[in-house]
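The following exercises concern a structure of two chains, to be worked through with the sequence and the coordinates at hand. Each task is followed by a stepwise solution.

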Amino acid sequence: MTADTLSGALAERAEGGRYASFWVGAWRRFRRNKLAMFGLIYAILISLIAISAPLLTPYEYDKIQPAVALQGPSREHPMGTDMLGRDMLTRILYASRPMLLVGILTGLAGLVIGVPIGVLAGYLGGVSDWLVTRLIDLFSALPWYLIVLYLVMVLSPSLENLIIAMTITGWVGACRLTRGLTFAVREQDYIEAVRALGIPTWRVLVYHVLPQAAPLLLWGFAAGIPTSVFAEAGLSFLGMGIRPPRPSWGQMLAESGNYWQYWPHMFVFPSIMITLSVLAFQGMADGLRKALDVSQNV
Amino acid sequence: MDRLLLQVRNLEVVFRTGNGLVRAVNGLSYDVARGETLGIVGESGSGKTVSCLALLRLIPEPPGRVVGGRALFEGQDLLRMSRRALRRVRGGQIAILPQDPTAALNPVMTVGAQIAEAMSVGLRLSPRQAAMRAVELLERVGVASASARAHLYPHQLSGGMRQRVLLAMAASCGPKLLIADEPISALDATVRAQIMALVQGLQEELRLAVVWVTHDLGEIARLASRVSVLYAGAIVESGTVRRVLKEPAHPYTIALLGAVPRPDLSGERDLDYVEGSPPDMAHLPDGCLFWPRCRYHTDLCMRERPGPLAVEDEHLAACWHLDTVRQRTQARG
């Protein structure tokens, strides 16, 4: 066998997956992490529930039936009913919708706003970078929960305004990550090399800088979900989030305030769901961080 | 058609740093004719890389800045043209073959895609055409089973292969000038000759002019027709390779040549070295940049910087005491 055919065979074998790609390796590491896999399965299940909620229950979430108010778990109402006789299970299922919407949409909106600003600031440097950095500092220094509370108050409480308010304070996370990484990648020789080939700046940013940030941004996105879930529950609890009669776990918790001593089921089930969700998404994000960290490669 | 392709005149580049103003390039001038190979030789820190990057305005600003000079490429000043026009020159007219083939490739993009990208932007080829051309180019630069290797990432290739990929990228858009910035310094001795031969082959094929920057006089002797010697960001001597290597006129060139090991003369002479240490570019001397290390220096050297003086036709050296230097070296030699 000549040297050429040998190296050719090696190259072909490499192409056939002999060298695991970065994402294949990351998935392998992720799969080994039990908490992360639990988080992923939970995320898939809760998403399916949110999408198909009307199919899963014979009741409506806002149908008031005083006759069956404040019943404990039973065959007809596995999680009991609330003070207006609404089926708790139905409300629990429907409440996964605002939870996911807030978690995902604020994360996406943060990426849409934060990534371009971060990339430009990191790549251009100079005055624009100074401005963006100060802005990031400002937002990091202020207590974001209070700002969100205030913004929702001004905008009037609703699901949409909650997402808007959390985006206004939340984009800095993605921006900070992207800026820092761009700053590091910008100094690499290969950026100079592609610029020497006459590749326009936008192409350099999109094809040569951003892909480097993708794993970090994916993690950042996942890590933001538990925070958003908790924030949505908290704000709804305070009456600053989802408006009744649409259900939210935090709001259901607030409603149980006058009843929980005698009818604990009103308090227990929403609490379990909030805790489970935060835990699962946190586990998934943590698993992602470990899986995407190349230094952990085995 | 004008024979002159690139004319660099009095190029000056500075960097603002914590240690004050670093003058990396100090009045650099050279000419490159179409299709010829100009060697530029200089030691570490003499401004080799910076002067290459400055031509295509690729030095980071800030801290760097081109503060003076012209770089006329086919009559147009690269240092003053619009960003749009400059982008067409980059890759399409002037390509750079970088020093470190490992760092100069995007680690998360296949090499085929990287070669193709330059062509889909520069030559407006469709993705399909660009990908096919990329494989052809890889074959041209001696990469075996190119169609399979095009799908590999840089870390799956050897250093020599990566430099071939970079050469394919540099040649992809049919440039008229290739600036090779120490392209083989980081490579194995066995691969160096192959890369040099490839560049020579491409040069004939594409009528490519080459500026070959190096610290190795052996490469210059093999590749270049003319050579310019760089010291502290300025040319101290230039001429045909034969003349300069055989009868160097500037004290720095003489010392540099004395420091080249010669197996054929081993035992007959001691290896020379250039006395003193390379200049601190933040605190350059007045007058001639070389005088602190020069055994021939006089008051004149410390006061005024010599311009290029003719030693003979097409052989210039920037030294006030060319005659003295010649007499002394002949007497010694």
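**Exercise 1.** Determine how many residue pairs are in polar contact across the interface of chain B and chain A, and which elements of chain B contribute to it.

*Solution.*
Step 1. Five residue pairs, both members at pLDDT 80 or more, are in polar contact across this interface; a polar contact is a pair of N or O atoms within 3.5 Å, where within protein one must be able to donate a hydrogen and the other to accept it, and residues adjacent in sequence count only if both atoms are side-chain atoms.
Step 2. On the side of chain B that touches chain A, two or more residues each come from strand S6 (94-97), helix H3 (111-122), helix H5 (146-149) and helix H6 (159-171) of chain B. Helices (H or I, at least four residues) and strands (E, at least two) are DSSP runs, numbered from the N terminus.
Step 3. The most is given by H3(B), with four residues.
Step 4. By residue class, this side of chain B holds 18 nonpolar, six polar and six charged residues. Here Ala, Val, Leu, Ile, Met, Phe, Trp, Tyr, Cys and Pro count as nonpolar, Asp, Glu, Lys and Arg as charged, and the others, Gly among them, as polar.

The model is predicted: local features need pLDDT of at least 70 and side-chain atom pairs pLDDT 80 or more, whereas totals for chains, interfaces and linings use all residues. Residues are numbered from 1 along each chain as its sequence is written, chains are lettered from A and ligands numbered from 1 in the order in which they are written, and side-chain values use heavy atoms, with hydrogens and water left out.

**Exercise 2.** State the extent of the interface of chain B and chain A, and identify its salt bridge.

*Solution.*
Step 1. In contact (heavy atoms within 4.5 Å) are 30 residues of chain B and 23 residues of chain A.
Step 2. The two chains bury about 2,300 Å² between them, 63% of it on carbon and sulfur atoms; buried area is the accessible area (1.4 Å probe) that two parts lose on being put together, summed over both.
Step 3. The rule finds one salt bridge across the interface, that is, a side-chain nitrogen of Lys or Arg within 4 Å of a carboxyl oxygen of Asp or Glu.
Step 4. A:Arg203 and B:Glu117 form a salt bridge, with their closest N and O atoms 3.0 Å apart.

**Exercise 3.** Is B:Glu237 buried or exposed, and with which side chain does B:Glu237 make a polar contact?

*Solution.*
Step 1. B:Glu237 belongs to strand S10 (residues 234-240) of chain B.
Step 2. B:Glu237 is buried and has no salt bridge; buried means under 20% relative accessible area, exposed over 50%, partly exposed in between (1.4 Å probe, protein chains only).
Step 3. The nearest side chain of opposite charge is B:Arg243, 7.7 Å away, where Lys and Arg count as positive and Asp and Glu as negative, and His and the chain ends are not counted.
Step 4. The side chain of B:Glu237 makes a polar contact with that of B:His315 (2.6 Å).

**Exercise 4.** Locate A:Ser156 and B:Glu74, and describe their phi values.

*Solution.*
Step 1. A:Ser156 lies in the loop between helix H7 (144-155) and helix H8 (159-186) of chain A; its phi is positive, near 80°.
Step 2. A:Ser156 is partly exposed, at 38% relative accessible area.
Step 3. B:Glu74 lies in the loop between strand S4 (64-73) and strand S5 (76-77) of chain B; its phi is positive, about 50°, although B:Glu74 is not a glycine.
Step 4. B:Glu74 is partly exposed, at 34% relative accessibility.
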